[in-house]
Amino acid sequence: MTTDITNLPEQKWDKRLDSKHKMLDFNIKELIQYKDLILLFIKRDFTTQYKQTVLGPIWYIVQPLVTTIINTFIFGNLAQIGTDGVPYLLFYFAGTMLWTFFTNALNTAAGTFSNNQAIFSKVYFPRLATIISSLATNVIKLGIQFACLLVFWIYYLIIGQSVHPTPWALLFPLIILWLGLLGAGMGMIFSALTTKYRDLNHLLGFGLGLAMYITPVVYPLSEAPAQFSWLFYINPVSAPIEMFRIWFYGAGYVPPLMVLCSLAMTAIFVFFGLVLFSRNERTFVDVI
């Protein structure tokens, strides 16, 4: 018995996977369809990091607080580096909190392919879902640390310390978005490179350790030597960290050109990060 295939009803597919992609393959609609998977990734990343630990999420506060105390002793008391009149605790905690958020966003994005190679090789879903979920997890961590900072901030306001918040502080989510996109963009570029060249992971860790010292984390821009000011223009993390202190503490100054340079570099990193990430996700399983 033979079947006439010409009389078979036309099959309709819910999704079509094609090897041909555009240079910038960024499908927002598809990401929305996988929102439940993104939420599962967020839950996985958040709960597994400190699972079976004594303090749990409290580590999110303990780590920057201990770093703040050490920085206060070394840079504030021993080195006598000024903080533009901002109390040491507020100054160093804010710098540490924002720098940690940026580096976490960068590192998690950079390790996307190596950390998720098992699931990537078995099932299809938009790979950017892992980038979004890891970034959202880092935002949750930042939110916990920021709540702790607000407690100290309110305390210094009550006792009348030289802390002068501005209305711009309400735009703090823009700084989170700024640093998050910057870290994710740079991380996606590194994720494409480290798939083939694993030793770049060591370079990334070493480079971030050095980059912190050309970022106003433990000192304000006003304390930096004028002959090295160009370093802060090519370091896109400098502007948002200093702007946070201006908005919340009323201390410091960021040249408008530095802000524009940082925003331009953020846009460039995000664009090339998405291009390289999209290109690399098609072939990484054959390379890794």
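**Confidence.** I started with pLDDT, the predictor's confidence in each residue from 0 to 100: the chain has a mean of 84, and 85% of its residues reach 70 or more. This is a predicted model, so I took local features only at pLDDT of at least 70 and side-chain atom pairs only at 80 or more, while totals for chains, interfaces and linings use all residues. Residues are numbered from 1 along each chain as its sequence is written, and side-chain values use heavy atoms, with hydrogens and water left out. Helices here are DSSP runs (H or I, at least four residues; strands are E, at least two), numbered from the N terminus. Confidence is lowest in helix 13 (residues 284-287), at a mean of 53, and highest in helix 11, at 94.

**Helix 11.** I went to helix 11 next. Helix 11 has 12 residues and reaches 16 Å from its first C-alpha to its last, close to the 16 Å expected at 1.5 Å a residue (1.5 Å times one less than the number of residues). How many of its residues are buried? I found 11 of the 12 buried, where buried means under 20% relative accessible area, exposed over 50% and partly exposed in between, with a 1.4 Å probe and protein chains only. Helix 4, helix 7, helix 8, helix 10 (230-233) and helix 12 are among what covers them. Just after helix 11, G250 takes a positive phi of about 70°.

**Salt bridge.** I searched the whole structure for salt bridges (a side-chain nitrogen of Lys or Arg within 4 Å of a carboxyl oxygen of Asp or Glu) and got 1. The side chains of R245 and E242 meet at 3.5 Å, N to O. Both residues sit in helix 11, 3 residues apart, about one turn. R245 is buried at a relative accessible area of 1%, and E242 counts as buried at 1% too.

**Cores.** I then looked for nonpolar cores, meaning sets of buried Ala, Val, Leu, Ile, Met, Phe, Trp, Tyr and Cys residues joined through side-chain atoms within 4.5 Å. The largest has 50 residues, and L90, F102, L149, F172, F244, F248 and Y249 have the most contacts inside it. Among the elements giving two or more residues to this core are helix 4 (88-110), helix 7 (128-158) and helix 11 (238-249). Helix 4 gives the most, with 12 residues. I checked L149 for contacts (heavy atoms within 4.5 Å): leaving aside neighbours within four places in sequence, L149 touches L90, F93, A94, M97, F244 and Y249. Apart from this core lies another, of 17 residues, including F125, L128, I131 and A184.

**A129.** A129 is in helix 7 and counts as buried, at 0% relative accessibility. Beyond neighbours within four places, A129 is in contact with L31, I38 and F41. A129 and F41 are 88 residues apart in sequence, yet 8.3 Å apart in space, C-alpha to C-alpha.

**Rings.** Last, I counted aromatic pairs and got 15. Rings of Phe, Tyr and Trp (its six-membered ring) pair if their centres lie within 6.5 Å; planes under 30 degrees apart count as stacked, over 60 as edge-to-face and the rest as tilted. Y88 and Y92 are stacked, at 5.9 Å centre to centre and 25° between the planes. They are 4 residues apart in helix 4, about one helical turn. Y88 is partly exposed, at 30%, whereas Y92 is buried, at 0%. I also noted that ring pairs link F146, W153, F172, F244, F248 and Y249 into a cluster.
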